[in-house]
Amino acid sequence: MPPERAAVVSDIPELIRLRALLFGDLGATGWEAPPPGEDWLRACADALREQLTDDSVKILVIDGDTGLAACGIGAIDRRLPGPYNLSGLIGHVYGVVTDPAYRRRGHSRAIMEGLLGWFTDREVRRVNLNASPDGEPLYRSLGFTEHPAPTLSRKR
């Protein structure tokens with residue numbers, strides 16, 4: 001398996017392809033299908049270009065034979081310090097996806113271990129993520145548990 005590496009601008013089309021796969025997988029878990037059209041693809045490309053130069057974001061990829069095999073994104077959010085988190089830094093992992101042709105080879109684990117190392121190097125003590133049913137066993141094996149506070153969201 002090739003090692004994970006930091007994404008570069010030329011990876012953006014493949015990152016978008018993998019992100020589209022992620023949304024297809026989420027549809028199987030009860031999420032509604034994304035709206036038709038390609039507006040989100042352009043918006044995603046613009047956001048990725050910006051995030052590739054943002055020190056608070058790390059995008060890791062693993063190369064496949066003809067494109068990317070897997071990717072994942074880590075972001076650091078600075079909140080007010082509290083008694084359980086004096087730095088106020090909170091990490092979030094999102095967009096971990098492996099191309100179906102490369103699944104069950106340890107790619108997502110390698111991406112996650114790379115991101116968790118990046119968070120550790122930046123002294124981020126808490127990292128959150130949303131797990132799909134397929135990804136949940138991996139995340140639990142890496143030490144993720146339910147957060148005591150319920151997660152609520154508002155969609156407009």
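A residue is called buried under 20% relative accessible area, exposed over 50% and partly exposed in between, with a 1.4 Å probe and protein chains only. Arg103 is partly exposed by this criterion, with a relative accessible area of 33%. The structure is a predicted model, in which local features need pLDDT of at least 70 and side-chain atom pairs count only at pLDDT 80 or more, while totals for chains, interfaces and linings use all residues. Residues are numbered from 1 along each chain as its sequence is written, and side-chain values use heavy atoms, with hydrogens and water left out.

The pLDDT (the predictor's confidence in each residue, from 0 to 100) averages 90 over the chain, and 91% of the residues score at least 70. Confidence is lowest in helix α1, residues 12-27, with a mean of 83, and highest in β2, at 98.

The chain contains four helices and five strands. Helices (H or I, at least four residues) and strands (E, at least two) are DSSP runs, numbered from the N terminus. Their order from the N terminus is β-α-α-β-β-β-α-β-α. The chain has a radius of gyration of 16 Å, close to the 15 Å that the globule rule gives for 156 residues, so it is as compact as a globular protein of that length. Here the radius of gyration is taken over C-alpha atoms, and the globule rule is 2.2 Å times the number of residues to the power 0.38. Along the principal axes, the C-alpha atoms fill a box of roughly 45 × 35 × 30 Å.

Of the 156 residues in the chain, 35% are buried. The accessible surface amounts to about 10,300 Å², and carbon and sulfur atoms account for 54% of this area. Accessible areas come from the Shrake-Rupley method with a 1.4 Å probe; for residues, only the protein chains shown count as cover. Among contacts (heavy atoms within 4.5 Å) with a separation of 6 or more, 67% join residues 24 or more positions apart.

In soluble globular proteins, nonpolar side chains tend to be buried together. A nonpolar core is defined as a set of buried Ala, Val, Leu, Ile, Met, Phe, Trp, Tyr and Cys residues joined through side-chain atoms within 4.5 Å. The largest such core has 22 residues, of which Val93, Met112, Phe119, Val127, Tyr139 and Phe144 touch the most other members. Two or more residues each come from β2 (57-63), β3 (68-78), β4 (89-98), α3 (107-121), β5 (126-129) and α4 (136-141). The greatest contribution to this core is that of α3, with seven residues. Residues up to four places away in sequence aside, Val93 touches Ile73, Met112, Leu115, Phe119, Val127, Asn128, Leu129 and Asn130. A second, separate core of 17 residues includes Ala7, Leu22, Leu68 and Ile73.

Two aromatic pairs are present in the structure. Rings of Phe, Tyr and Trp (its six-membered ring) pair if their centres lie within 6.5 Å; planes under 30 degrees apart count as stacked, over 60 as edge-to-face and the rest as tilted. The ring centres of Trp118 and Phe119 are 5.1 Å apart and the planes stand at 55°, so this pair is tilted. Trp118 and Phe119 are both buried. For Tyr139 and Phe144 the centres are 6.2 Å apart and the planes are at 75°, so the pair is edge-to-face. Tyr139 is buried at a relative accessible area of 8%, and Phe144 is buried at 14%.

Asn128, in strand β5, is partly exposed, with a relative accessible area of 21%. Apart from neighbours within four places in sequence, Asn128 is in contact with Ile90, Gly91, His92, Val93, Phe144 and His147. The C-alpha atoms of Asn128 and Thr145 are 9.4 Å apart, at a sequence separation of 17 residues.

The loop between β4 and α3 contains Arg103 and also Arg104. Arg104 has a positive phi of about 70° although it is not a glycine, and Arg104 is exposed, with a relative accessible area of 84%. Glu123, in the loop between α3 and β5, also is not a glycine and has a positive phi, of about 60°. The relative accessible area of Glu123 is 62%, and Glu123 is exposed.
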